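The entries follow in the order I made them.

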Amino acid sequence: MIKAEITDKELNSHLDSIEEDKLRIFTMADGRVRGALFHGTRFVNQLRAQHNLGILETYILGQASLCSALTIPMMKDMEHTLIRFEGCGSADGYSVEADSTGYVRGYLLKPQIPLEKPLENWDLKPFLGAGNLTFSRIHKDDKFPQSSTVDVDGENIARDFATYFAQSEQINTAFNSSIQFDKKGRVIGAASMYIQIMPKTGGTAKVGSQVDSHAEESDDDEKLLQKVENAFRACPSLGLLYSEKQVDSEDIILGLFREFNPVITMKRDITFDCPCNKEYYIQHIKALPAAQLEDIRKNGPDPLEIVCGNCGSVYQINVSEIG
């Protein structure tokens, strides 16, 4: 990827003053609940710069990418997931990929979304609308991806992701994502979080051993899980929290879930990045039919301009480079 430079000095000064982007994985409630918190303010600013997006476009692709980043700690071994939404709204949808190595890339199906009137709220239903959310997963040795699709309402991207996990994965999962803009439309805070309720056969040996996976939840267990869900819903705007320079990710996790004894088990980097490069596209051009290659050599254009749809990188390739 050719990394787009963020040239806004005031924005760069703000980014230098806030906590670094990082994904923190945690468990709590004796292993019955797992989750992750991803601070991604620089992440969202980078994807915006790569695709040169407006405010609404940044909000939609940013939300989808933040939620997609949260699927990385759920991956097993080497895994790559394509998450695609196609809806009936004016934005058409989005396509985002998350990789177990720690990068996310993606794009909007319609890079410029038509607006009939100024935005009054962040209800995305007019722009995404009811549609299909598809997860396509491929592991290192798979020949073909494994795909699953659910119907969602397109009103809120985080809730759409939760719907997918409830229906397709049959795992009780909650997502929360937030992007904070300043008065000039700059992204000054962005983050996402999920929690996932594990079956009784999971978690610690103390809880998971000798348990029938089909056994009904006890009253105490239901009360515990309800308390965890209530704590999650009580989370204030993550984007607003991270826009304030004194916020700390570990304080957010410990503050929200203190009574459930959360333990942060891992920290890792997640970036908006793309494995594309100039040589990749040169090889693709060389694979074109001979007649088409000959036409390019004779009639140009020279240089060829190739734009990566996933990250917006623009590659200038001289005709002499394709032989």
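**Helix H1**

I began with helix H1 (residues 9-17), whose buried residues are Leu11, His14 and Leu15. Buried means under 20% relative accessible area, exposed over 50%, and partly exposed in between, with a 1.4 Å probe and protein chains only. Helices (H or I, at least four residues) and strands (E, at least two) are DSSP runs, numbered from the N terminus.

An α-helix has 3.6 residues a turn, so residues three or four places apart point the same way. On the other side of H1, I found Lys9 and Asp16 exposed.

Next I looked up what the buried side of H1 packs against. Its buried residues meet helix H2 (41-51), S9 and helix H7 (238-243). Contact here means heavy atoms within 4.5 Å. At the start of H1, a side-chain oxygen of Asp8 comes to within 3.0 Å of the backbone nitrogen of Glu10. A polar contact is a pair of N or O atoms within 3.5 Å; within protein, one must be able to donate a hydrogen and the other to accept it, and residues adjacent in sequence count only if both atoms are side-chain atoms.

**Ground rules**

I noted that this is a predicted model, where local features need pLDDT of at least 70 and side-chain atom pairs count only at pLDDT 80 or more, while totals for chains, interfaces and linings use all residues. Residues are numbered from 1 along each chain as its sequence is written, and side-chain values use heavy atoms, with hydrogens and water left out.

**The sheet**

I then traced an open sheet of five strands. Its order is S8-S9-S2-S1-S10, with antiparallel pairing. Two strands pair if DSSP finds at least two bridges between them. Strand S8 (173-181) and strand S10 (263-268) are the edges, each pairing on one side only. Neighbouring strands are turned by 15° against each other on average, direction ignored. Axes are lines fitted to C-alpha atoms, for helices over the stretch in contact, and angles run from 0 to 180 degrees between N-to-C directions.

Then I went strand by strand. Is S1 enclosed or open? Six of its seven residues are buried, so S1 is largely enclosed by the rest of the structure. Seven bridges join S1 to S2, and Arg24 stands opposite Leu37 in S2. S1 and S2 make a hairpin with four residues between them. In its turn, Ala29 has a positive phi of about 55°. S1 also pairs with S10, antiparallel, over five bridges; there Ile25 faces Met266 in S10.

Phe181 stands opposite Val187 in S9.

Two helices pack here. Helix H4 (residues 157-169) touches S8 and S9, its direction making about 165° with that of S8. Helix H3 (residues 55-69) lies across strand S1 (22-28), strand S2 (33-39), S8 and S9, at about 145° to S8.

**The cores**

How many residues does the largest nonpolar core have? I read 64. Such a core is a set of buried Ala, Val, Leu, Ile, Met, Phe, Trp, Tyr and Cys residues joined through side-chain atoms within 4.5 Å. Those with the most contacts inside the largest core include Phe43, Tyr94, Phe161 and Phe175. H3 gives the largest share, eight residues.

I checked Ile157, also on that list. Leaving out residues up to four places away in sequence, Ile157 touches Ile60, Gln63, Ala64, Cys67, Tyr94, Leu124 and Leu128. Another core, of 22 residues, lies apart from the largest one; Ala29, Leu37, Ile195 and Ile252 are among its members.

Most residues other than glycine have a negative phi, and most peptide bonds are trans. I listed some exceptions.

- Asn52 has phi near 55°, sits in the loop between H2 and H3 and is exposed at 69% relative accessible area.
- Gln170 also has phi near 55°, in the loop between H4 and S8, and is exposed at 67%.
- Gly300 and Pro301 are joined by a cis peptide bond, omega about 5°; Pro301 is in the loop between helix H10 (290-299) and strand S12 (304-307).
- Asp302 and Pro303 are joined by a cis peptide bond too, omega about 5°, and Pro303 is in the loop between H10 and S12.
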